[in-house]
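Biologist: Could we go through this structure together? I would like to understand how its parts are arranged.

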Amino acid sequence: MNTPLKDLVEEWLRLDPNESTRKDVEHLWNNNAVGELERRMRTRIEFGTAGLRGKMEAGWSRMNDLIVIQASQGLCAYVLQHIQNAATRGVVVGHDHRHNSERWAQLTAAAFIANNVKVYLHNGLVHTPMVPFSVKALNAACGVMITASHNPKQDNGYKVYWENAVQIIGPHDVGIAQSIMQHLEPRVHDASRVMESDLCVDCTEEMKKGYFRSLSNLRAKMLSFDGASVAFVNTSMHGVGDPFTSKAFEIAGFSPYTPVKEQQHADPEFPTVKFPNPEEKGALDLAIATADAKGALYVLAQDPDADRFSAAENCDGKWVTFTGDQLGTLFAYHVFETYKASSKPIGKLAMVASTVSSKMVEAMAQIEGFRFVDCLTGFKFIGNTALDLVQAGYEVPFGYEEAIGYMFGSEIRDKDGVAATMVFAQLAASLRARGTTVSAHLQELYRRYGYFETSNSYFVCTDPLVIENIFRKIRSSGDMGSSQGRSYPSSIGGLQIRSVVDLTEGHAYDSTNAPTFQPKLPLSLGHMMQFRASSDSDDSRIVLTIRTSGTEPKIKYYLEGSGSNRQAVHNLLGGVVDDLAEDWMNATENGLGRP
């Protein structure tokens, strides 16, 4: 039986220590705004592997002081229970520039200090990679970063790193969520005296120096280039990245880049972009206009918390933005070349990518002789897979996911947009010294490893029942896997499906893994399937992954085609997307939105 709305409101008013959000709820209640209160109060915001992320408002389903205090109290209790010497090892807390971020970082610190746990509270704005770097450098018990990354301005979030300095995975997400529900009564009500506590330690400058030292290790000594030979424009997308990126440029021996003035400094209103994500259409327009005015060849971009990276090149007057997979391939080859030049055994080199990312690095690994491992989507899996490989005796200097996230070196097992910016600039300058460009170099890699082209997008569906019906239909619309009692489609876009991997809980299946036919990768709570298909007449092939989003009302698809004939591969992708939309998704009939 549903809890009466009145009870949910009264409990909120009893617990909320923030006068502003309390008055907001009182106003809604006094004005009988039942619909709005139902949206805010009925369901509690869920703590998962991504921590918390949502709209900043009063209510159980939103981000606010009370939710942050409760999350911190629950996290603190869980950490004290599961990590040895957690109180003295301490926790790292950092924050970006969004509205409420600084206060929520201080409230988080206050909740731990109330339990006699030492807190390393970063002073001022830091980019997200500073938190995992600090967790490792300080041997802390965990880390919290207050950020909503590249979400719209009304959102904020609470991101958690475990003692291994990687984002949390199961079962910790479930354990922390349960612990939060056992610690709902606020023990702290404000953070005004946090900085006065002997348990609050400021080692921000020491950690920044350590971070920049780690970046200096990414300087490619084998590459020769003139730091002033290439002109770069950089945008930090109204985020916190500019001070870190400009210092990284200095470390790498470059002349200063030209910043996009309108987007250079931290601004929680993000006034020039609707979505502060370098991947979004139009997000790089100001940067490109600046580059045109300055005659720069490359545009570099970080998202607001500077853990993601994107780049564009002026190719004979036409600006081309590299895809996340293209950048991943370029970085992978750069890392391979650097490793090879060190004379270390290639058999001990390993790289990691999410399973929805390009298979071009896999092809590179097969030809060059290093180890490639794929894993589930997200750096929580990429980072932990890298650590497992290190335990097995491998060196893992690179990992990536197609959503413009890149991991370099061994000090941070998470994505780092500043490190990626520095590596890309070095690559571009060294190629310039050889008389070529990044895009021309990418074409060389296609000739060497085969042509790969991606077509990633999504369908919008706000009805969970429709989503369930779509995936039920896909699992019962063909004869692929019939000998194991399965009924997946056997063709798409004129290609024959050769393998199916279903990573959905309750539907686990891998057609390539006889005799158990159980997937090698962990299962996903949402729907997730991967199909590999190829042509009977040439070497064209595709990999298609479809999955539900854990945070948005979307069915995402990741499609990659490959083969020796570029035009044939390009044409193939369009046919596959058409079949996916109309035959598999019934997009028109189901009223699915398209971007």
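Predicted model: local features only at pLDDT ≥ 70, side-chain atom pairs only at ≥ 80, totals over all residues.

Biologist: Let us begin with strand β2. Is β2 enclosed or open to the outside?

Modeller: Strand β2 covers residues 91–95, and five of its five residues are buried, so the strand is largely enclosed by the rest of the structure. Both of its faces are covered. Val-91, Val-93 and His-95 are buried on one side, and Val-92 and Gly-94 are buried on the other.

Biologist: Which strand is joined to β2 by three bridges?

Modeller: That is strand β3, residues 119–121, which runs parallel to β2. Within β3, Leu-121 is the bridge partner of Val-93. To get from β2 to β3, the chain passes through helix α6 (residues 101–113), and this β-α-β crossover is right-handed.

Biologist: And how many bridges join β2 to β4?

Modeller: There are five bridges, and these two strands also run parallel.

Biologist: What holds paired strands together in general?

Modeller: Strands of a sheet pair through backbone hydrogen bonds, in either a parallel or an antiparallel way.

Biologist: Now the sheet that contains β7. In what order do its strands stand?

Modeller: The order is β8-β7-β9-β10-β11, an open sheet of five strands with mixed pairing. Strands β8 (258–259) and β11 (318–321) stand at the edges; each has a single partner strand, so one side of each is left without a neighbour in the sheet.

Biologist: How do β7 and β9 run relative to each other, parallel or antiparallel?

Modeller: They run parallel, and four bridges join β7 (residues 232–235) to β9 (residues 298–302). In this pairing, Asn-234 is placed opposite Leu-300 of β9.

Biologist: Which helix lies across β7, β9 and β10?

Modeller: Helix α15, residues 417–433, lies across these strands and runs at about 165° to β9.

Biologist: Let us turn to helix α4. What length should it span?

Modeller: Helix α4 (residues 65–82) has 18 residues, and at 1.5 Å a residue it should span 26 Å. Its end C-alpha atoms are 26 Å apart, which agrees. Of the 18 residues, 14 are buried, so α4 is largely enclosed by the rest of the structure.

Biologist: I would also like to discuss the backbone. Where are there cis peptide bonds?

Modeller: One runs from Gly-170 to Pro-171, with omega near 5°. Pro-171 is in the loop between β5 (155–161) and α8 (172–181). Another joins Ala-514 and Pro-515, with omega about 5°. Pro-515 is found in the loop between β19 (509–510) and β20.

Biologist: Finally, where is Met-529, and what does it touch?

Modeller: Met-529 is in strand β20, residues 528–534. It is buried, with a relative accessible area of 1%. Not counting residues up to four places away in sequence, Met-529 touches several residues, including Phe-471, Tyr-488, Val-501 and Leu-544.

Key. Residues numbered from 1 in each chain as written. Heavy atoms only, no water. Buried < 20%, exposed > 50% of the residue type's maximum accessible area, 1.4 Å probe, protein only. Contact = heavy atoms within 4.5 Å. Pairing = 2+ DSSP bridges. Axes fitted to C-alpha atoms, helices over the stretch in contact; angles between N-to-C directions. Expected span 1.5 Å × (residues − 1). Right-handed = clockwise from strand over helix to strand, strands pointing away.
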